[in-house]
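Subject: Structure handover

Hi,

Here is the structure I promised to pass on. Please open it next to this email and follow along.

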Amino acid sequence: MTKQSAGHLIHGEWVKGEGEIMTSQNPFDSQCIWQGAEASRSQVEQAVSAARDAFFALA
């Protein structure tokens, strides 16, 4: 059974990755055990910006 990623938590909301599909395989039998989409460059920039804002809000 392959589990699907819930996505990426960006600024308090779960969003689906816009990048390429990633998979994780069981090293014993090469069965796919997890699959999800990478974050796009734009999504990474949004996540970094949200993390920076949260950090400085606490300072």
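A question to start: does S30 count as buried, partly exposed or exposed? S30 counts as partly exposed, because its relative accessibility is 48%. Please keep in mind that this is a predicted model.

**Two loop residues**

S30 sits in the loop between strand 4 and strand 5. Look at its backbone. S30 is not a glycine, yet its phi is positive, at about 60°. Most residues other than glycine have a negative phi.

H11 is another case. The phi of H11 is near 55°, again a positive value in a residue other than glycine. You will find H11 in the loop between strand 2 (8-10) and strand 3 (13-15). H11 counts as exposed, because its relative accessibility is 64% and the cut-off for exposed is over 50%.

**The whole chain**

Now step back. The chain has 1 helix and 5 strands. Along the sequence they follow the pattern β-β-β-β-β-α. The radius of gyration is 15 Å, well over the 10 Å that the globule rule gives for 59 residues, so the chain is more spread out than a compact globule. The C-alpha atoms fill a box of roughly 50 × 20 × 15 Å along the principal axes.

Buried residues make up 14% of the 59 residues. The chain exposes about 4,900 Å², and carbon and sulfur atoms supply 55% of that area. One more number concerns contacts between residues at least 6 apart in sequence. Of these, 41% join residues at least 24 apart.

Which strands form the open sheet, and in what order? There are 3 strands, in the order 1-5-4, with mixed pairing. The edge strands are strand 1 (3-4) and strand 4 (21-25), and each of them pairs on one side only. Strands of a sheet pair through backbone hydrogen bonds, either parallel or antiparallel. Strand 1 and strand 5 pair in the parallel sense, over 2 bridges.

Next, go to S40. S40 is in the loop between strand 5 (32-37) and helix 1 (41-58). Is S40 buried or exposed? S40 is buried, because its relative accessible area is 15% and buried means under 20%. Leaving out residues up to four places away in sequence, S40 touches E18 and G19. With E18 there is also a polar contact, side chain to side chain, at 3.1 Å.

**The salt bridge**

How many salt bridges are there? The count comes to 1. The side chains of R41 and E45 form a salt bridge, 3.5 Å from N to O. Side chains of opposite charge can pair when their charged atoms come close. Both R41 and E45 lie in helix 1, 4 residues apart, which is about one turn of the helix.

Where do these two stand on exposure? R41 counts as exposed, because its relative accessibility is 69%. E45 counts as partly exposed, because its relative accessibility is 48%.

That is the tour. Have a look and write back with questions.

Best wishes

Technical notes. Residues are numbered from 1 along each chain as its sequence is written. This is a predicted model: local features need pLDDT of at least 70, side-chain atom pairs count only at pLDDT 80 or more; totals for chains, interfaces and linings use all residues. Side-chain values use heavy atoms; hydrogens and water are left out. Buried means under 20% relative accessible area, exposed over 50%, partly exposed in between (1.4 Å probe, protein chains only). A polar contact is a pair of N or O atoms within 3.5 Å; within protein, one must be able to donate a hydrogen and the other to accept it, and residues adjacent in sequence count only if both atoms are side-chain atoms. Contact means heavy atoms within 4.5 Å. Two strands pair if DSSP finds at least two bridges between them. A salt bridge is a side-chain nitrogen of Lys or Arg within 4 Å of a carboxyl oxygen of Asp or Glu. The radius of gyration is taken over C-alpha atoms; the globule rule is 2.2 Å times the number of residues to the power 0.38. Accessible areas come from the Shrake-Rupley method with a 1.4 Å probe; for residues, only the protein chains shown count as cover.
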